[in-house]
Structure formats: structure tokens, C-alpha cells
Amino acid sequence: MGRARTGLQILDSWLGGGFEKPSTILFFSDHPTERRLFAEQFVTTGLKEGERCLYVDFYRAPALARRDLRKFGPFPEDRLVFVDGTSSQLLIPSSERYIVHSLDTFDEIMDTIEGAVRDAKPERIVIDSMEFLADRFSSEGLFERWRKLSEVTKSTGSVVCYMFLNWLYGQKEVRRMDESNDYTVEFQSKVRTGILEHYMRIRDHRPGKRATNWIPLTFREVVGLSVYFPRILVTGPPDAGKSTVVQKLCQSAMSVDQLGTTVAFDYGNVHVSGLEAEIFGTPGQERFEFIFQIFARQVNGVLLVVDSTREEDLPRAKQILKIVGSDVPLVILANKVDLGGAMGPERIRESLSLAPTVPVVPTVATEGKGLLEGLTLLAEQLVGAR
Amino acid sequence: MMDTESVAESLPRHYSVLLVGPPGIGKFEWLLTSARTYLHRNERVVFVTLDLHPREVRKRAEAMGIDLGPSDGTHFSFIDCYSSSAQTTSDDPGNPKIWTVNSYSNLEALGMAISRASVSMGLPVRILFYSVSTLFLHNSPQAIAKFLQMVTNRVKTELGFIAYAVQEGVHDPQTLNLLRSLVDGVMEMRFTESMDRQFRTHHLRGMAATPKWETFQVSGGT
């Protein structure tokens, strides 16, 4: 049994390497969102890893869909197969291997899809979309054939993503969809103070049910989707190495948009294996405390930097933690561990009275050591319990 | 003679209206003159076109003496649902800012295009939608109703203003009533027996409106 990676490391690690093969995933939302981007990324990630993928599209002619998929960077095109559900709607010819010739009969449509799955035996499948079918055919018939299609995709060992935007159904049907799939990936898009924000969460319905938190996402062409944390705060007592952490973290990750130091904050943007974050470093002096108090309320997570060789600074670090509060995800960076007389992580944990869930990561900020590990541990907390 | 342009001027920045009338009455022209009004006031306009190529919209605007050109990209954008469905391209050298939606059935893509175009121009915006009726050829009324409710809410709370044009005489009365219930205001156009054009504001929530039919003319002549 393999795993189907999403290409977003933080999600794959939560999923234990990716979505289980075979499995069925509901890509759900109840209003317009960017969930298609996630489906496209899922397909192109598979293609780049040499898997065969089947895309069933009722909205775009395959030529158009291929063009959209290329936004995620080059992939072996011969491994991508379409069920063309669009050309017949537009009355244009299609040269695809699998074609839905008419949308009149639901069973014929489903026969075509099932046939393509059996024939192509793809590792990954996207059905874009189930709401297109739900808007045209009765729910009873739909659920019946949907269940059968899932049996076929399981028999071919495929991971199938069913796109479904709920225009029509009530809670009962939605629950039924949840229950008949292994995972639900839910999406949200909001406009907030003039900015369009996107979120997703994964719910695993298999035994031992669990779910991620709502995870913010961002999209860039070629790079694709990334988990995106707009406000990660780097703080700590003076001279612990906060500025160096911000600078090194952002360098070591092929940083873009680095603005350097501003009056009140260090700032950098880090982008590494499907994770993007804006990193803000606060000054350590007490006179900046009020800025910090305002800022701390809106942060996604905190990296607290302490100088491992200066035990006398720990009371100040403890004070800062008090301001941060206990609700904000936190990782301690035990910096300067390469210097003589550095305290061990346990000593720091004890002095700061940390909860056992708070990681203490030994770092050498000047060499960039341990920083990405710290950020990843923070991101894992943000995504949700493992 | 009624000045229908002054109605557009009076409509608030966060608001939604439905413009109902038979084909050929001048709904499209009202949307274009509204665009001119808003652009003159330095407001941002998003034109959602389902029934015409963006080039055709521009041409018809020009025939009415309205130049959408200089405002492109910064103050004026198209959302083009027409081109991919008609298997043409949106390419329009005068307009770098075109948001393409690839299918009339893809209500999600249309919804996201409205959000993206608006946010990218800067808020608030004036969204002009021509026309809702075309959606009914490709989606169930329930799906459209939920879609329009969501778009209208998002527009009013975040994006700004939206005016939907809808063809009279092609929808059943229930559907039309449903559409009317989703918006703040309803404006109507009709032909009299002598083929004069008449206009009235049926109601405008929070505003004084006299639902009296008045004769109007379409500028630029069609």
C-alpha cells in the first residue's frame, strides 16, 4: 500500500506520507473557493512522480485544462488522460480517448467514467465535478452510481478526488457523502479587509478519526499551492539572536521578497517545500513591549529565541511567554548551543515551565542550524495534532 | 422624459439591484451608461459578460460614445464567460485585465472571478452583470439561486455594488420572484403598446423610490 503525496510536506507528514492508496476523497465546499487548484496540484504532483492520472472534466475542454495544469510546472503529459465531458456540450470535436458523447443519460456518463478507470488504471483520479452531475440528475441515482464508481476505483488501487460544491443538498446528504468517503478536504475562501484569503482542512473519516485545523493557503504559478502563515513572530530577550534567526531562516529557504530590517521589526519571507511564511522579528528591548502586545494578538505562531549560554535571561523570556499567552502555537529555539557552557533543552524547559508539548530545538542561528526544523515543528502545531 | 442615468448615480456603494425587462428594451445600454457614470466619478467597474464578447461590449459602448479604453486594468475589468464557451479567445489588445471563466456551468469559477477581479482592482467596486438569464440555460434554478445569494452577500459585505440584468418573459414567475427577493432593489423596464420605452424603480431598500412608470430613451440608439 503506497501513499499519494499532496506535494505539501506539512500535509503529507500529517497524512503519514500522503493519502492512502486506494482511497476516496471528497473535495468539499459550500461556496466558491480555490479547491480546483488543490485538485490540480494533486494531479500534477502525481504526474511529476511518474503516476498515471485521470481527469474527468465537465467544465473545460481538455486543451484548456492542460493549459491550466501547466501552471504547476512541467509534467510528463503522456501520463495524463482525460474523460472529456465538455466538448459535446460545446458541440466541438474531441480527440481524447474517453469522451462523454451526451449528457442526456446519467448511466451512460457513469459507464464512460468507469470504463476509463478500468482501462487506464490511474493512480490518481479527479472528478470535476460531482456538483455538475448533482445539478442535472436525481440524488438517489447519483449516490448509487457514485458508490459503485468508488468500488471500481478501489479495485484499480486509485486515489479518487470527488469535487463537490454543495449548491443543492441538505445536511443529511452532506453527512452521507462524508461517511461514504475516506477523507473530506474542505475549502473556504473569504474576502477580509480587501484581501482574498483561502483555507482548507482535512478530515480523516477512517478508524481513529481526526482532523486538521483550518490551514491558510496561497498560490503562485509554477510553485503551486503552499500552506501559508502570514504572521510568524520571532521574539526573545535582547541579543538572543532574533535578527539572525529571521535573516538565516529566510536565506536558507531561497527567500523571496526580503525587505531586511524595518524600524520596529525584522522581516523576511520563507518559502520551502510547500510552506510559506512571513517572519517578523521583534526587538528585545522592553520599550518595544507595547508594539509587541498589539502584534502578538494576531500571530499564527511564535518562535521564542533564547541564548543557551545566558541563564540570567530566562526570567525575561518567561515574561515574554506570559505576554504571548498559552493559546498561540510555540517553539523554543535554544540558540548558540555551539558555545561553551550552553544549557541543555531540559534545563530551559524547566526554567520556562513549558508544557511538555512545546518543542525546544537546539539551534546555531549564525550557521542556520536547527531553524527550519523549528519552523516545521511550529507549522505542524498550526496544522493540528498529529 | 426620464433620465435613467441619474438612478445609477443615486445607488449606494454597497448595494444590489436587479434590472428586469424584455429583450431589446435597453438594459445593456443602462449598464453601459452606469459604467460611464461610475468611471467619471473615479470608481472601479467590473463588467461581467455572459452574452457578448468583451470586444463587442466595447464596440457597442463606443457606438454610444462611451470609451471604456483608458480605464482598463486599473478602473475597468471584464469577466468574460462568453469566450471559452464560444470557443474564441478573450484577447483584446485594449484590455489587459480580462478574467476568463471557462464554462457557464462553472458557477464556482464565476464566483471566484468576481472576487479576484474586485480584490485585484481595489475595493469597493461596481459590478455590472449581463445577464443572469444566460445562467439558466446551463444550471438548475436552485443552484443559481444559491449562487446569486452568495455572490450578492459577498458583494454587499465586502466588494461593493452589483447590478444584475435579467430578461423578462423567459423565466417562470416563481424564478423571477426568487431573484427579486435576493437583492436590495428592483428596477423595471417595459414597452408600451405604442412601443415607447418606460422605466420605473419598483423598490430600493433604504431609499425613496416612486414606482411610477416614466418614458425614457436609449442613448446612442439601438
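The model is predicted, so local features need pLDDT of at least 70 and side-chain atom pairs count only at pLDDT 80 or more, while totals for chains, interfaces and linings use all residues. Residues are numbered from 1 along each chain as its sequence is written, with chains lettered from A and ligands numbered from 1 in the order in which they are written.

We can begin with chain A, whose C-alpha trace spans about 75 × 40 × 40 Å along its principal axes. Its secondary structure comprises 13 helices and 19 strands (DSSP runs numbered from the N terminus, with H or I of at least four residues for helices and E of at least two for strands). Of the 386 residues in chain A, 46% are buried (20 or more other C-beta atoms within 10 Å of the residue's own; 12 or fewer is exposed, in between is partly exposed, and C-beta atoms are placed from the backbone). Among contacts in chain A with a separation of 6 or more, 69% join residues 24 or more positions apart; a contact requires C-beta atoms, placed from the backbone, within 7 Å.

Turning to the interface, 19 residues of chain A contact 24 residues of chain B. On the side of chain A that touches chain B, strands S9 (183-192) and S10 (195-204) each supply at least two residues. That side has 13 nonpolar, three polar and three charged residues (Ala, Val, Leu, Ile, Met, Phe, Trp, Tyr, Cys and Pro are nonpolar; Asp, Glu, Lys and Arg are charged; the others, Gly among them, are polar).

In chain B, the axes of helix H5 (residues 107-121) and helix H6 (residues 141-159) come within 11 Å and cross at roughly 10° (axes are lines fitted to C-alpha atoms, for helices over the stretch in contact, with angles from 0 to 180 degrees between N-to-C directions). H5(B) is therefore roughly parallel to H6(B), a term for angles under 35 degrees. The residues of this contact divide into seven nonpolar, three polar and one charged.

The buried residues of H6(B) include B:Phe147, B:Val151 and B:Arg154. The buried residues of H6(B) pack against elements including S9 of chain A and H5 of chain B. After H6(B) comes B:Gly160, with a positive phi near 140°.

Terms used: Parallel < 35°, antiparallel > 145°, perpendicular 65-115°, else oblique. Contact = placed C-beta atoms within 7 Å.
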